[in-house]
Amino acid sequence: MIRPFICTCDKRMETFRKFVKSYNKNAKDSLLSPIVYYDGNSKEYHELIDSMNPLIKIEQKKYPNSKYGNWSETIDFKAICIFPKLVSSVNERIIFLEDDILFSSKFKEAIATVEKQFNSYHTIDIVTLYGSGDCYWPSNNNKESNPLYKFSGEDYYGNLAIVFDVKVLKWWRKNIHKVWINKYSGWDVKIGNVLEQAGFNFYCTDKHYVQHQVGYSVIAKDHKDQQSNLFVE
């Protein structure tokens, strides 16, 4: 099975309540116990986290003396630099989950298919179960409607639910400086371009099995309404 890594904060509690309810209903039984990377101390927030039966809860920290500069205070730095350090020593595939999504009723079947494809085709390195709108153009890239189809990491956008193979995480850990210090903006764009250039293969599920909740984005500090047109309820 695949281990979730859930990056979360308590700044949008109504959104997080919906996430946890959907996770426990549609995703929990198809995944290993999650690693929860949290930011917040309220009783309700931790009760919600505990309802997902986490393997471990890790508090997000600040890194004011980081060599990566002022960005070191942001969720981008925490995700791109801390995520692989926490999980690359575990010999498991990891699905990175943001805490503002809802899970399809078919998520369990989708994860089983993804895992089967990983085990059957060793050229698969990274699989996303979400794309904004109808990217990554399955009508062009997947005319045969295969369960997964390949696309360029240079087009990758959005980290809502993405599975990384062990070899990707180990490479990422060793090459954090390459992934972080570059010309690209935003950690999804960074990993998409850098991991593509490193030779890793990106795939997407034919349909999408998580949906982005419309509302305030803590990272963007603005309202966001990006959603999938291919979400399976």
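A: One term before we start: a residue is called buried when its relative accessible area is under 20%. Also keep in mind that this is a predicted model.

Q: Got it. Which residues in α6 are buried, then?
A: In α6, the buried ones are Val-166, Val-168, Leu-169 and Trp-172. Looking down the axis of α6, the buried residues fall within an arc of 160 degrees, so they line one face of the helix.

Q: What about Trp-171, is that one buried or partly exposed?
A: Trp-171 also sits in helix α6, but its relative accessibility is 22%, so it counts as partly exposed.

Q: What does Trp-171 touch?
A: Leaving out residues up to four places away in sequence, Trp-171 touches Val-179, Val-194, Leu-195, Ala-198 and Phe-200. There is also a pairing across the chain to look at: the C-alpha atoms of Trp-171 and Ser-88 are separated by 8.8 Å, and these two residues are 83 residues apart along the chain.

Q: How do α6 and α8 pack?
A: Helix α6 covers residues 166–174 and helix α8 covers residues 187–197; they pack at an angle of about 105 degrees, with axes 12 Å apart. That angle makes α6 roughly perpendicular to α8.

Q: Which residues meet there?
A: From α6 you have Val-168, Trp-171 and Trp-172, and they meet Trp-187, Ile-191, Val-194 and Leu-195 of α8. By class, this contact has seven nonpolar residues, with no polar and no charged ones.

Q: Switching topic: what's the strand order in the open sheet of eight strands?
A: The order is β3-β2-β1-β4-β8-β6-β9-β7, and the pairing is mixed. At the edges are β3 (56–59) and β7 (148–151), each of which pairs on one side only. From one strand to the next, the twist averages 25 degrees.

Q: Which strands does α4 lie across?
A: Helix α4 (residues 107–120) lies across β4 (94–98), β6, β7, β8 and β9 (202–205). Relative to β6, α4 runs at about 160 degrees.

Q: Where is Trp-137, and what is its phi?
A: Trp-137 is in the loop between β6 and α5 (138–141). Phi of Trp-137 is near 50 degrees, a positive value in a residue other than glycine. Trp-137 counts as partly exposed, at 38% relative accessibility.

Q: Let's zoom out. How many helices and strands are there?
A: The protein chain has eight helices and twelve strands. Of its 233 residues, buried residues make up 55%.

Q: And how far along the sequence do contacts reach?
A: Taking contacts between residues at least 6 apart in sequence, 71% join residues at least 24 apart.

Terms used
Residues numbered from 1 in each chain as written. Predicted model: local features only at pLDDT ≥ 70, side-chain atom pairs only at ≥ 80, totals over all residues. Heavy atoms only, no water. Axes fitted to C-alpha atoms, helices over the stretch in contact; angles between N-to-C directions. Helix = DSSP H or I, 4+ residues; strand = E, 2+ residues; numbered from the N terminus. Parallel < 35°, antiparallel > 145°, perpendicular 65-115°, else oblique. Contact = heavy atoms within 4.5 Å. Nonpolar A, V, L, I, M, F, W, Y, C, P; charged D, E, K, R; others polar. Pairing = 2+ DSSP bridges. Buried < 20%, exposed > 50% of the residue type's maximum accessible area, 1.4 Å probe, protein only. Arc of directions from axis to C-beta.
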